[in-house]
Amino acid sequence: MDKILQQRAPIMEAMEALRNQRVVPFDVPGHKRGKGNPELTEFFGAKTMSIDVNSMKPLDFLGHPVSVIKEAEEIAADAFGAAHAFLMVSGTSASVIAMIMAACKKGDKILMPRNVHKSVLSALILSGALPVYIDPGLDINLGVSMGMSIADIARAIDENPDAAAIFLNNPTYYGICSNLPEIVKMARAKGIAVLVDEAHGTHFSFGRGLPISAMAAGADMSAVSMHKSGGSLTQSSFLLLGAAPNPHHVRQIINLTQTTSASYLLMVSLDISRKNLALNGVEIFDKVGQMANYARDEINNIGGYYAFGKEIINGDAIFDFDHTKLSVNTLKTGLAGREVYDILRDEYDIQIEFGDIGNFLAYVSVGDRMKDIERLCSSLSEIYRRYGNDKKADIDYEYIHPVVAALPQEAFYAEKEAVRLENSAGRISSELVMCYPPGIPIIAPGEMMTQAAVDYIRYAKEVGCSLTGTQDEDVEMLYVLK
Amino acid sequence: MELWFSEKHTEFVKMSIKIDKHLHGETSDFQRIDIFESYEFGRFLTLDGVMMMTEKDEFAYHEMLVHVPMAVNSAIRKVLIIGAGDGGIVREAARYATIEKMDMVEIDPQVVDACKRFLPKTASALDDARLSIYYQDGLKFIRKAKNEYDLIIVDSTDPFGPGEGLFTKEFYGNCYNALTDDGIMVNQLGSPYYKNDAAAMKRAYGKLAGVFPIHAAFQAHIPTYPSGHWLFGFGSKKLSHLDVNPNWDNLGLATKYYNTQLHRGAFALPTYVNNLLNEEVAP
């Protein structure tokens, strides 16, 4: 990383220069630097509105960058140790979709764990790729999906030497990492592209003592949620390329679906946030790590809760753990993670990231203050004192083995009919059913419905998980192939 | 030359005190600390520009926070004091020979040092042998205590700033847990008068009321605080706030504000304040 280069923020610089030119706008957006929408300008502030501008000569064009955006992308690539970086304005979902569509044509096989983000399923429908699932395995004590074991990946590669890509999370939502360097080596030997969802791992490229980043491990592509641990505005993201992929092809893929009116608020936020991480990342993530470690110790002292850390590393499926993630297992408190999530919000005015059946995640970042960490710990101690019980959690962590019977794309567009959930076993689903949290598919388009899946959906409904993905909002009817 | 300290009590109301000297100013890890010498109020302490205490009117505040609970339960032996870096609470509590142990938890050592140097009248008992001072977050300290204290006195800053964690439901719950069966907690609740202060006071009181089965608010007149009308919270597990020990007067403690007649009167609040406290409070 070139620390002199990283002090630059070309898009911000160009926008400052533009402001001083006092250009008269006869272009969109029609609010004309906020003057045409006083209520919105009052709400956002005049400064924010004044930089909500459209592509123009001095500001470059995201669809075909030649000047300041190109420079910003080159500097970002340098920061992440990538061969190329794309500024993305439709969330990391768009980065994930672009990776898969760039690597897979219709019918191409892609190896992946089941605990992938919803955007991966969207990418399968759009690209026509065929998923080959690898069971990430569940840690029985924690009730969380682990990474993928090397033996499982070796078997999957042996059985599918023609796979176009392998997709993995680095880390998972809970902070768990697979053995990325080894996976890259195995995939490379067979010419399989390695695509990494680093939505929760932006900081790996900038902090100390953190798991290895996708680019450092030699992966081909990585989707980085700069707006999560990187501090940029919601919806802004980076797509990173290693040396192998053709950036011009990837640009074409991105442009298939990306807006031609990219928000400069988002792009400037990427520019400034990248500069901040490059120059101050070590201190920032040291501090975040210290806060998370402190909170982990305090929470573990309360009793009942288990805030897990690096001790869960097992050298294989849990190859590494991101200690900035404050993931807490609640099973021994007698409470579901979801219940703790609700009590924190409803009674203690604390909003955490998510709660699932046996865990919750409190997102710790550079924006946190120690006194807020104290509030979280004290509230958790109160919740345990007031609501803790010996109820044995009745939780079925059975992994629902997906039976892929048709290409997701074909199943999604096929002739279909609605059947009652109870009658759907044995039919091929045209729809996605997802349990949120944690946002992992129970059934995806093209998969055979099984009794186990039907039972799990019933169970998830009973424990109050919200189910999404189907046309029927209540998930009582499911569209299946005729 | 005229030198004035001014504090905005609302966006549209300002209180000013003419200053003789700026005795001390420093910025700690937590806040800006200033001590002034004034003509009318003697020396006074401000944190982040907000009035904490003056030598002239601090007696009302400190006496009410200590003597009200002490007159309800003469068997108080172990006291936890949160905040109170100026030493005023400790000074009043130290007058009871029956108190065996005082733990004081203050987040900012620089406040204590500055008060010892410049406010000796208030900080006079900070060297009392029964006192242990812990420099840490009050919320953290109390999380670890269980069935340990007979009295908890919370002398905090406003609900906005370093003291904000001391106005939360988790803090009150932790206090409840740290108290013995006869335990009492008192805290400063702010003013019921100006709109924003009243809203914060009502919220804090609602949380206190949600945790302690016996709860009440009492008042005092403190001229240098916004509106001069100040409220305190009283929460207990069993003991009634109006059940004053008839022998308190025999202790012979000379006070400037508190007396047992006033004790009962202090819980008699103006109608608008009663209405404010009795409205439905969001949890």
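How many residues does the contact take from chain B and from chain A? I began there and found 14 from chain B and eleven from chain A. I call two residues in contact if their C-beta atoms, placed from the backbone, lie within 7 Å.

Before going on, I note that this is a predicted model, in which local features need pLDDT of at least 70, side-chain atom pairs count only at pLDDT 80 or more, and totals for chains, interfaces and linings use all residues. Residues are numbered from 1 along each chain as its sequence is written, while chains are lettered from A and ligands numbered from 1 in the order in which they are written.

**Chain B facing chain A**

I looked up which elements give two or more residues to the side of chain B that touches chain A, and they are α4 (138–143) and α5 (169–178) of chain B. Of these, α5(B) gives the most, with six residues. My helices (H or I, at least four residues) and strands (E, at least two) are DSSP runs, numbered from the N terminus. By class, I see three nonpolar, five polar and six charged residues on this side of chain B. Here Ala, Val, Leu, Ile, Met, Phe, Trp, Tyr, Cys and Pro count as nonpolar, Asp, Glu, Lys and Arg as charged, and the others, Gly among them, as polar.

**Domains of chain A**

I next took the domain bounds, which come from an automatic or database domain assignment. Chain A has domain 1 (5–9 + 61–275), domain 2 (279–387) and domain 3 (408–481).

**Domains of chain B**

Chain B splits into domain 1 (4–54) and domain 2 (58–278), and their C-alpha centres lie 22 Å apart. I find 20 residues of domain 1 of chain B in contact with 21 residues of domain 2 of chain B. On the domain 1 side, β5(B) has the largest share, five residues.

**Cores**

Last, I checked the nonpolar cores: sets of buried Ala, Val, Leu, Ile, Met, Phe, Trp, Tyr and Cys residues joined through C-beta atoms within 7 Å. Buried means that 20 or more other C-beta atoms lie within 10 Å of a residue's own, C-beta atoms being placed from the backbone. The largest core has 155 residues, and helix α11 (residues 264–302) of chain A supplies its largest share, 15 residues. A second, separate core of 77 residues includes B:Ile35 and B:Cys175.

Definitions and conventions: Buried ≥ 20, exposed ≤ 12 C-beta atoms within 10 Å, placed from the backbone.
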